[in-house]
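Subject: Structure handover

Hi,

Here is the structure I promised to pass on. Please have a look at it first; my notes follow below.

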Amino acid sequence: MAWEAPRFAPDQVTAKAGTVVFFIQMSPRGSLADHNMAFGPKIYKVLARSSFVRAYKSAVFTVEGLTPGTYTFWCEVSGHAANGMVGTLTTTP
Ligand SMILES: [Cu+2]
């Protein structure tokens, strides 16, 4: 069986600028590894991050004071972002 790279679903989200609340749910497909979600203006530029979330668990993660624009979120587990566990948030006025 081929290894399926972990990813965010959806990986493109939109929200109003200001305070954005992320709800993260870990739905394993094979591997039971933990994941997290880091967030910033671009990848590896951390503005905020969630805790690590275990299989079948969830977390709530809030980022405040976002201006309209495009931001990136990614998983900080080694190799995950490089293999596509990355997403985009677009904030609108
Ligand atoms: Cu991950």
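Two bridges join E3 to E4, and these strands run antiparallel. One detail of the E4 side: alanine 38 has arginine 49 as its bridge partner there. Please keep in mind that this is a predicted model.

The sheet. E3 and E4 belong to an open sheet of five strands, in the order E1-E7-E6-E3-E4. Its pairing is mixed. E1 and E4 are the edge strands, each pairing on one side only.

The core. The largest nonpolar core has eight residues. They are Met37, Phe39, Val63, Tyr71, Phe73, Trp74, Cys75 and Met85. Strand E6 (residues 69-74) supplies the largest share of this core, with three residues.

Cysteine 75 is one of those core residues. Setting aside neighbours within four places in sequence, cysteine 75 is in contact with Pro6, His35, Asn36, Met37, His80, Ala81 and Met85. Met37 and Met85 are core members as well.

Alanine 81. This residue sits in the loop between E6 and strand E7 (86-92). Not counting residues up to four places away in sequence, alanine 81 touches Ile43, Trp74, Cys75 and Val86. The C-alpha atoms of alanine 81 and aspartate 34 are separated by 13 Å. Along the chain, these two are 47 residues apart.

- Alanine 9 and proline 10 are joined by a cis peptide bond, with omega about -5 degrees. Proline 10 is in the segment before strand E1 (12-16).
- Tyrosine 44 is not a glycine, yet its phi is positive, about 70 degrees. Tyrosine 44 lies in the loop between strand E3 (38-40) and strand E4 (48-49). Tyrosine 44 counts as exposed, because it has 10 C-beta neighbours inside 10 Å and the exposed class covers 12 or fewer.
- Tyrosine 56 also has a positive phi, near 70 degrees, in a residue other than glycine. Its place is in the loop between E4 and strand E5 (58-66). With 10 C-beta neighbours inside 10 Å, tyrosine 56 counts as exposed.

Best wishes

How values were computed: Residues are numbered from 1 along each chain as its sequence is written. This is a predicted model: local features need pLDDT of at least 70, side-chain atom pairs count only at pLDDT 80 or more; totals for chains, interfaces and linings use all residues. A nonpolar core is a set of buried Ala, Val, Leu, Ile, Met, Phe, Trp, Tyr and Cys residues joined through C-beta atoms within 7 Å. A residue is buried if 20 or more other C-beta atoms lie within 10 Å of its own, exposed if 12 or fewer, and partly exposed in between; C-beta atoms are placed from the backbone. Helices (H or I, at least four residues) and strands (E, at least two) are DSSP runs, numbered from the N terminus. Two residues are in contact if their C-beta atoms, placed from the backbone, lie within 7 Å. Two strands pair if DSSP finds at least two bridges between them.
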